[in-house]
Amino acid sequence: MERLLTSPDITPAPPASTMPGAREAPACSSTCSPIPATPKLVGIARLAQSSPRVRARTGVEYFSLPARSALNRESSRRLPFAWTLNPYRGCEFGCKYCYARYTHEYMELHDGLEFERKIFAKLGSPDLLRSELRRARDGGQPIALGTATDPYQPAEKQFEVTRGMLKVFGEFEDLDFAITTKSPLILRDLDLLVPLARRHRLSVHITVTTIDARLARLLEPKAPPPLKRLEAVRQLVSAGIRTGVNAAPIIPGLTDSPAQLDSLARAAADHHAQSLFGNVLFLMPSAMAQFMPFLEKQRPDLVRRYRKLYRHSAYLSAEYKESISKIVRELRARYGLDSRREENAAPAARQYSLTFA
């Protein structure tokens, strides 16, 4: 596509008094020390501060975030797509390992929990997407929908930003795009996805970290159960949509044993998945701040190992990654989950940058 986008993805929020971390200034007598001036917000932080709150329910607030662009260029040239597309900022699923929590820090929301409690819906994104696709010159380059936030998280039930984007894709021909989600809510959009699969190079990637329902509930508190995700895989494939399973991420000591990975691959094959991808956990500081307390509570026996594994880097060693890669390759071959076409289309954002071919 034409290099249309000259600024990063932007989105807004409510008055400062409703934003996380905002405090009412205390009354001050003549003896009070001067109150430090609040730093002036710029860019996405300024937009977030001005975003109106459009809905609230227990534990979660939703804001309408104005966006200046829908498509955002993937500039590293290391990933298997050229553009990213995210209908929301923040994700209510609350996965303990989620790398994308850091994205809220650009909005000056530094408590990692704000990522799942302050959800910003980019309500104008479908119209922006239409305009950008019309101006695009390299429309054949792949687009990844859902790289930093789940496009079918609970907010989508009300705001339908993802559905609006799919309608826009239906106005064009011969696009290459992929959707990644943990939610069977994607089945709601089969009426759009089926014709899109005929007109475009479309693939869907359902993330399943483990088939152990109890462990999944601990790791991904508000995400749908693994079995429901796998049933969604079956229905999508039955509808003629290329669909695979992402084992993303593979978590040391929790989901990485050969037996666990074999069970996941077998379940994927049993539900007619056409591909399997695996990548290992990496922990940026914002993710580490949520994951380590979880580990200390649920698996204190692993704490020392993790401190050693991630002492110097957010990434695991090449030796560990290669050992997991070998297992994944063998499982693909064993269960017929090695679709080459799926591999080319798989979205990869930062968390997927370690996907094993």
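Me: Two strands pair if DSSP finds at least two bridges between them, where strands are DSSP runs (E) of at least two residues and helices are runs (H or I) of at least four, both numbered from the N terminus. Over how many bridges do S8 and S9 pair?

Reply: This is a predicted model, in which local features need pLDDT of at least 70, side-chain atom pairs count only at pLDDT 80 or more, and totals for chains, interfaces and linings use all residues. Strand S8 covers residues 176-181, and it pairs in the parallel sense with strand S9, residues 201-207, the number of bridges being 6.

Me: Which residue in S9 is the bridge partner of phenylalanine 177?

Reply: Strand S7 (residues 143-145) also runs parallel to S8, joined to it by 3 bridges, and there isoleucine 143 stands opposite phenylalanine 177. In S9, the bridge partner of phenylalanine 177 is leucine 202.

Me: Is strand S8 largely enclosed by the rest of the structure or open, and why?

Reply: Asp176, Ala178 and Thr180 point one way from S8, whereas Phe177, Ile179 and Thr181 point the other way, and all are buried, meaning under 20% relative accessible area with a 1.4 Å probe and protein chains only. Because 6 of the 6 residues of S8 are buried, the strand is largely enclosed.

Methods: Residues numbered from 1 in each chain as written. Heavy atoms only, no water. Buried < 20%, exposed > 50% of the residue type's maximum accessible area, 1.4 Å probe, protein only.
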